[in-house]
Amino acid sequence: MSVLYLFNPENDLALANGGKNYTPPPLARTIARDLSTLPLWYAPEEDVVCLPSLDYGDSLMPVLESLGKKCRICSITSLPDDVSAYRPWGWSPEIVHRFLRHGADAELLPSTELLDRQRGWAHRIRTREVLSFLKSERVDVPYEIPVSFRDEEQVRDFVATHRRAMLKAPWSGSGKGLCRTYGTYDLAIGRWVQGVLRRQGEIVCEPYFEKEADMAMEFFSDGNRAVFSGYSWFSTDERGAYKGNYLLSDAEIEKRVSSYHLPTDDLYRVRESFERFFTRYIAPLYQGYFGVDMMIYRRSGTFALHPCMEINLRMNMGMVSRIFYDRYMAGGSKGVYRVEYFPDAGLLMADHLHRQFENPLRIGRQKIESGYLTLNPILPDTHYRASVEIYSV
């Protein structure tokens, strides 16, 4: 029996919508197609990956085979008979409905009640509960934790009483659904708030933190227990949208945290507290990988760790990069993992060919030693690229 993997990055948008017949916008459909091969890199060898067509990942197979990875694929219109579990990027009523339309066994899919509980834990205000728990465990947390409002006047008051603040939609894509404020509630902020309240009914508000570095902790739930699966050290743009991950060992990431004069023991305390909390609240309702976004920020002239900025109750790019490093990279190598969008597909193709020539892939003993590699096919109509660039040290 096999587990079936599928990349549905529009999951956060589908959660915000809440309906089983949700249709994602064109760009969301484009990234779902272009990067549909990502599960080939993280799914276990005995499992199956669902692609847009059976030949879509052909260009990747020689590299995967040289790394010792054999792949089994299918299309959504021809699901295998031996599937024992489904593992999409994330769960929503829309993806359950899609599987059912194509003949999946309803007994293997989350019930409506379970989907509602998962959606509740994907709400950004749930960080409040996590932070309160961490505080009870004597973990250092920010002086002010998030609040949520359903009334625009309450949001206006929050903005007016905070020199800098961050307003968040309850559900949105990574780095999306955010509005930064500077003590003034102007027309643009008002329109943004009204739109989110109209669509989602609530606004999450928190103070703005002077960020120095982005990181995350990744976990895996088997349905009974949640366990730590590794760190993620990543970068975002000025709007908070995800750009990429640094391909580093967990030990190297701990060294980076220590360079900010933050004790490694504090990280371990957070990890252990998270495992207890998530085993109690997440494991009974969710199986698979999920992540907790964190940050290192400035507080009163020193550095501090914000242990829970957001819970991503789904697979995420940080976990993709963690698995890629641990599974495919040679010891002593480092690199970067990027996800990029090119409005002009021709420019992406040109850049792809240039990088292949300038930094050819080197593989030894089924491990990548250095070079440039895309994790998805680059075709004449491709607009999104997930790639790695690796160098030896």
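A search of the whole structure finds 3 cavities of 30 Å³ or more. A cavity here is a set of points, on a 1 Å grid over the protein atoms alone, where a 1.4 Å probe fits but cannot get out. Its volume is the space filled by probe spheres set on the points, with grid points joined across faces, edges and corners. The model is predicted: local features need pLDDT of at least 70, side-chain atom pairs count only at pLDDT 80 or more, and totals for chains, interfaces and linings use all residues. Residues are numbered from 1 along each chain as its sequence is written, and side-chain values use heavy atoms, with hydrogens and water left out.

The largest cavity has a volume of about 160 Å³. It is lined by 16 residues, and Asp 12, Leu 15, Ala 122, Trp 171 and Ile 311 are the closest to its centre; a lining residue has an atom within 4 Å of a point. Helix H1 (11–17), helix H6 (112–122) and strand E13 (302–312) each supply at least two lining residues. Helices (H or I, at least four residues) and strands (E, at least two) are DSSP runs, numbered from the N terminus. The lining comprises 7 nonpolar, 4 polar and 5 charged residues. Ala, Val, Leu, Ile, Met, Phe, Trp, Tyr, Cys and Pro count as nonpolar, Asp, Glu, Lys and Arg as charged, and the others, Gly among them, as polar.

The second largest cavity has a volume of about 80 Å³. Of its 13 lining residues, Arg 87, Pro 88, Tyr 286, Tyr 289 and Met 315 lie nearest the centre. Strand E4 (83–88) and strand E12 (287–299) give two or more residues each, and E12 gives the most, with 3 residues. By class, this lining has 8 nonpolar, 3 polar and 2 charged residues.

Methods. 1 Å grid on protein atoms, 1.4 Å probe; cavity = no way out; pocket = protein on both sides within 12 Å on 5 of 7 lines; lining within 4 Å.
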